[in-house]
Amino acid sequence: MLAFIIRRLGQALLVLMAVGFVSFSMFKFMGDPVENMLGQEATVADRAELEERLGLNDPIIVQYLRYFQRAMSGDFGVSYRAGLPVGEVILDRLPATLELALLSAVFAISLGFVLGVYTAIRRDGYLANFIMTTSLIGVSLPTFLIGVFLIWAFSVNLGWLPSFGRGDTRSLFGVDLAILTVDGLKSMILPAVTLGLYQMTLIMRLVRSEMLEVLRTDYIRFARARGLSQRAINFGHAMKNTLVPVITVTGLQFGSIVAFAIITESVFQWPGVGLLFINAVSFVDIPVMSAYLLLVGVIFVTINLVVDLLYFAIDPRLSVSGK
Amino acid sequence: MDIQTKKGASARPEFSEAAPASTWQRWTQSDIWYSYKRSPVIIVSSLTFLALVLGAVFSPLFSPYTPFDPASLNLMNGFTKPLSTNAFTGDYFLLGTDDQGRDVLSTILFGLRISLFVGVIAVLFAMTLGVVLGLISGYIGGWLDGVIMRIADIQMTFPSIMVAMLLYGIGKGLIPPDLRDEMAIWVLIISIGLSEWVQFARTVRGATMVEREKEYVQAGHLIGLSRWSIMLRHILPNVTGPILVIATISLALAIIAEATLSFLGVGAPKTQPSLGTLINVGRQYILSGEWWILLFPSLTLLALALSVNLFGDWLRDILNPKLR
Amino acid sequence: MSDTPLLQVSDLIVEFPVRQGVLRPVDRVGFEVRAGEILGLVGESGAGKSMCGAAIIGLIERPGRITGGEVRLNGERIDNLPEDDMRRIRGKRIAMVFQDPLTSLNPLVTVGRQLVETIRTHLPVSASEAQRRAIALLEEVGIPAAATRVDAYPHQFSGGMRQRVVLALALAAEPDLIIADEPTTALDVSVQAQIMALLKRLCRERGAAVILITHDMGVIAETTDRVAVLYAGRLAEIGPTRAVLSSPSHPYTVGLMASTPSTTGNLNKLSQIPGSMPNLRAIPKGCAFNQRCGKAVARCFEDIPILEPVRDSQVACWLYDPATLTNTLEKTGATE
């Protein structure tokens, strides 16, 4: 098992190094930040001064090493657009994204799992079929469209929930969180549902197909032949076996949620790192883009690791063969 | 009593099935066509897709107005409701007009054109890239295979839409600012294409590795066929089915990715609005009540994405019954 | 033995709707099983043996279903019971053992828990009593160190040991009848005999009857009291094992015996039945065996034969019909 963890860690490091390489290459070889920041009418002196300040005149190898050294200590350079250190800007906005991602993950996983199990057990039921058909529309619906229509329905027409922004926040251990206030929570509902809906349908469909697969196995047939109740078979046996593959995908879905937060945050003007990123893309703010890439890389790699380790907790076959 | 059969042919025992040459024909005749005829949802979605494609291709013919010709625009026509005639100009608009007085139906048809163009070209690009890399990976193997598959693994770690956004940002950074709008569509196509190649490569690689070991490929070697001719002429035809399925599903993904990027303002430029751009424009008017500017482009996008998705799902079920 | 047999299957029909029509994997099969008796159900794969077993225990996969005939357990009809009542019979009165012990056990649940839940589903005992019984059962089926092994997961047992666990599970609620569907096919040859002996001993001790589904004539000869031969979903011949094996009556059984080395004991005359069993979609009119039968007469291509007593057995073959017999006798008489 230790060997497995070490191998996994090695792979994670490899991915991070690759992402870091892309991140640095972007940082270094792309665009003309000076022109981006000053516009085409800048004087030569202005340019020279700014180039010096951003360290763009140093040899590449120096810049490369400096990039990694700085990245390690959370310094990702200065945002071309905001003129502030990227690390600071990202750290400032990260809690907003994480709390949103967490809430929508909870929504997606809990509802997705319940509906998936339900539609598998009641395979030919009317409600189950209806849910399955609707979910196909859900998969085809682009996230931003869901957001726009939720705003249209619940903010514009019904006036129940705010259409943009984060609402009130309350500080916990020095971090401002919207989830702690009623107003903030209300502001979170629409973005969280928007963000989670797609993942929810995916999890539901996955749980359903896995569950159906498991229900076809010999050991379920044997359990039925022993006269176990449908309830014991569904929840005592089938659901447990469904968990193993579902956990991987569900874990990876959390990564996707962070990525899809870009879209949701943009629709709801939620002040998280996703909104920061999309603004960076449209203004070609390279330091922010490369730092965001690294950040997401770290998040994804961490999630992958956690998912792998979770396997051991669930599947007894692995913990024995790995020992 | 006896087994009741509808078709006489299928009542024959299995060993007397038709010869391999006509197996394909038989199979298309029976299974795919049979399933197609029997699923109204698929008939409707394929016809919807066809109609949308025709509408996009012939948009200059079908459009009642030319929405992107500044000369023909009349600001007086702005915010005309659907199914009504403008009070000032007397022009009739089936789906209303937007803030600029552009006919919504016409902008949708032109937007559809952009969306489909980007989607189709991006998928073709992804397919070509993926198939070539997959063939190389699977057939030649070695360190080349290692490198290609590691890149694929790392890319698969990230959602493709994020990869596309990032690539778009990079692409935009590489292009001089004054050319950005002009090149935006191509940057978009390459970004989306690059974000979708992995599935193709993996599938082709897997199939190639299986085929490589088969006797006819070994025989091809013996009679001196070149690597590429074996790959293209003998291995590739065996993976057409899966490639077709992935292409269909990728098309839906590409269309959604394009719409999303354009909606977020990092895709098609304002001068060449796609469906996503139109939806972004429409969103600004939901508070003031001009719902049609948002609704019609959204429905069009939904119809497009849904019809391709449904068709892809069906195709996958038919070509690979194991996944059902 | 009481007058009512333990299990009575009569005119059982199982049908599966498919695109081209309706398949009938079990076509009017009827037999009886007496208490404590071991009945062999033999035939080629696809002959409907497993489907028969599944039909008796009410586990036919959708969209298949029983469309005709009856199944009676101690005289009570059970084929039309509501699912919940049928569930109470499964495991408690009729148990089933499947072919592959590697896939019959839930890999994520300890064998102890699987035993305990089965026991507690059918018997009103406490958790600790169920645990005690679980260990006792494991001991009885020959699992060494049962008290500690009870907490092990299935993958920690070998194939043969797992089939022993499966037998323990089947016996957990003391059923009257066990349907064993090729219980040893997936095992090593060296283990097969042990498991068969164990099954036989356990059932004898408990007085449980067994329906042994197999295609192995050797197993049939060693284990069963009576044997039923199935061909293309229909019963070809049924009778005491010794009678059927030593003097088979149905041409298919004759062919089957001739192609089995261990039972004929005559290696020189080993032969094969020409052709293969028809696909379920293409069963010929009349007797299902008519295409391959060397003795087929005109009637075999017209009417489906019905079971008639022939010597100690019952055989579904027109050759033993009085009308055919006289015909044949006349012909042979004429040539002599």
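Good morning. I begin with chains C and A, whose contact draws 26 residues from chain C and 20 residues from chain A; two residues count as in contact if their C-beta atoms, placed from the backbone, lie within 7 Å. On the side of chain C that touches chain A, at least two residues each come from α2 (83-89), β6 (94-97), α3 (101-104) and α4 (111-122) of chain C. Helices (H or I, at least four residues) and strands (E, at least two) are DSSP runs, numbered from the N terminus. The most is given by α4(C), with four residues. By class, this side of chain C has 11 nonpolar, nine polar and six charged residues. Ala, Val, Leu, Ile, Met, Phe, Trp, Tyr, Cys and Pro count as nonpolar, Asp, Glu, Lys and Arg as charged, and the others, Gly among them, as polar.

This is a predicted model, in which local features need pLDDT of at least 70, side-chain atom pairs count only at pLDDT 80 or more, and totals for chains, interfaces and linings use all residues. Residues are numbered from 1 along each chain as its sequence is written, while chains are lettered from A and ligands numbered from 1 in the order in which they are written.

I turn to chains B and A. Their contact takes 34 residues from chain B and 33 residues from chain A. On the side of chain B that touches chain A, the elements giving two or more residues are α5 (142-157), α6 (160-174), α11 (240-263), α12 (275-283) and α13 (292-319) of chain B. Here α6(B) gives the most, with 10 residues. That side of chain B comprises 25 nonpolar, seven polar and two charged residues.

Finally, confidence. Within chain A, confidence is highest in helix α9 (residues 218-225), at 88, and lowest in helix α13 (residues 316-322), at a mean of 54. Where pLDDT is low, predicted coordinates should not be read in detail.

Methods
pLDDT = per-residue confidence, 0-100.
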